[in-house]
Amino acid sequence: MAEGEVEGVRKRRHFISITSKLMVIFLCIIIIPVTVMSVNSYLSSQRLLERKYTDLLLDITRQSNIQISEYLKEIEKITLVSSYGMNRYSSLVYQEEYPIQDYLRYSNDENENVVYRVLMNYILMKDRLFSIYIYNLNGGRDMFIHSTEPIDYSYRPLEEPWFQAFLASDDKVRILDTRIDRQIRNKDKYAVLHARKVFDMSNGKLLGVMVASIDISFIDLFTNRLQKSLRSNFTIVDQNNRIIYHADQRLIGRAFHEIMPFRDEEGVTKAFGIDYLVVRNPFENLPWTSYLYTPLSEISSEGKILKQNLFILAGLVLVFASFTSIFLSNVITRPIKKLMRNITRVEKGLFDNLPVVDSNDEIGQLSQRFNQMSSELKRLVSRIQQEEEEKALAEIRALQSQINPHFLYNTLGSVKWIASMQKADKIVEITEALISMLRYTAKHERPMVTLREELDNIRNYIVIQNVRYYNRIQLQIHVEDGLLENLMPKLILQPIVENAIFHGLAETEEEGIITVRAYRYEDGMRIEIQDNGVGIDESTGEWLHRELQEVEKTQAAGIGLPNVQRRIRLYFGERYGIRFYSTPGEGSTFVISLPDIREETWEEGLSC
């Protein structure tokens, strides 16, 4: 794998501290066993609760079935006794007389009153939960006895399929599943119909049919003791699995699997995404089956209490494990963190007075070796810094010394040329400017001067050049307030002005203008030197740009722009220096970026 690929893999790996790793290990060691034991205890307790509540629900359905069956048997006995087992006056003298049979044979008012009183007594005995309808098949009147609901006298069930099927059968008694009692005007009244054929005791002729309409709410008498949630989930279905009783009477007549699509008939099963505990219990003497189901989450408060206790236990264990893991991991990683802080101090250049890592293990030995290494590193860095400072000062002096002979040579050449072409007063003028420039170059022992002094030197230089170029060069200076006392390296403007004259203005006969602007920019100062000369062609511009960018690599030894660029970067770093832009035929602009330095800040920096 290449070095670059290895470095990329290292960068992609996320940093995870040793403290975090130790905490995770400790938490896993403590939490995983506790979690397994807690879950196992909860599941075992849950299964025990399921078995317990299954037995309880089975007992509830069994008792409810028995009570419902006994109630229906009592109604059956009432219809039997009222039809065949009781005479008109309950006296041995008239035991051959039967009121209901007499009414079916002779439907007069007297017989009707007798039958009404007898049957109403039975209805009142059962809290008016059932009605009795007598349908006369002997040509007489029908009789309807109901204590609360209005009777619909226009309805007779003789054409109903269930009625005709009952007459055609050999059954003397039949219990019909829940349906709406159409004999009363309340069309929403559900009832269980108990039908009995009434025969003439003397000749066995079928006289009529007695129907006991039992209000389906009679089942509520036996389910009221259940909890509300259980009572609403108690359901009775017929042999076709259609609902004949439910607390919500709107469900009567629908298929049970449409209401609760249980996958299994008993035990724990799922419906609508919820787990239910389901029990079923068939009636002994009826083709009915009762169901009782409840969500597992509501079987009792014991499961919730158990779950809550397990959560509390797990939370306490988690808190204990967290504090333990934090304490142990800190004990182990504390000396490592101290060593890391020492490394950070060394990275910042603070090699002295490193804190001692008190540890009698491998970390302590590593810390001692690191302190020794930091001491050696300090001595090495100090030696390198000293060498670099000496090298920079020597290079600056050498670069500055290169300027003076070259400049003096050019100036003397001008003096010689002027002496042959001009009168003596011009020689005086150029000589005075030359003396000022030589004094400016020689009098400063340190390399930093003010912007004011550097601009005065440029003015003297323009005086000399105007003698040569017949006053064709104008110098315009614009300086933002407060910048004249800013410090800068000596002799960095003159080479640029010289370059503008010799390569920009000398080749044109028009009047040349050199504009110098100094202004603040961000946290430093910029100086622009602009001329209206011939500009720089593309190839020369590319070469000069490359020379300025790679001045450290090329080791430029000239006195021109590379010299200035190198000195600026030796003083202030790569952030500062020269850049330029030029348009052929229109002139060039050089921009010098310098830091904002005053006399006091420069002296403070030297003292540090």
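## Basis

Residues are numbered from 1 along each chain as its sequence is written, and side-chain values use heavy atoms, without hydrogens and water. In this predicted model, local features need pLDDT of at least 70 and side-chain atom pairs count only at pLDDT 80 or more, while totals for chains, interfaces and linings use all residues.

## Helices α14 and α16

Helices here are DSSP runs (H or I, at least four residues), numbered from the N terminus. Helix α14 (residues 538–549) and helix α16 (residues 561–572) have axes that come within 9 Å and cross at roughly 25 degrees; axes are lines fitted to C-alpha atoms over the stretch in contact, with angles from 0 to 180 degrees between N-to-C directions. The two helices are therefore roughly parallel to each other (angles under 35 degrees).

Leu 544, Glu 547, Leu 548 and Gln 549 of α14 make the contact with Leu 561, Pro 562, Gln 565 and Arg 569 of α16 (contact means heavy atoms within 4.5 Å).

## Helix α13

Helix α13 (residues 494–505) is mostly covered, with 9 of its 12 residues buried (under 20% relative accessible area, 1.4 Å probe, protein chains only). Among the buried residues are Ile 496, Val 497, Glu 498 and Leu 505.

## Leu 451

Leu 451 lies in helix α12 (residues 451–468) and is buried, its relative accessible area being 0%. Beyond its neighbours within four places in sequence, Leu 451 contacts residues including Val 479, Leu 483, Met 488 and Ile 527. Pro 489 is 38 residues from Leu 451 along the chain, and their C-alpha atoms are separated by 9.3 Å.

Notes
Parallel < 35°, antiparallel > 145°, perpendicular 65-115°, else oblique. Buried < 20%, exposed > 50% of the residue type's maximum accessible area, 1.4 Å probe, protein only.
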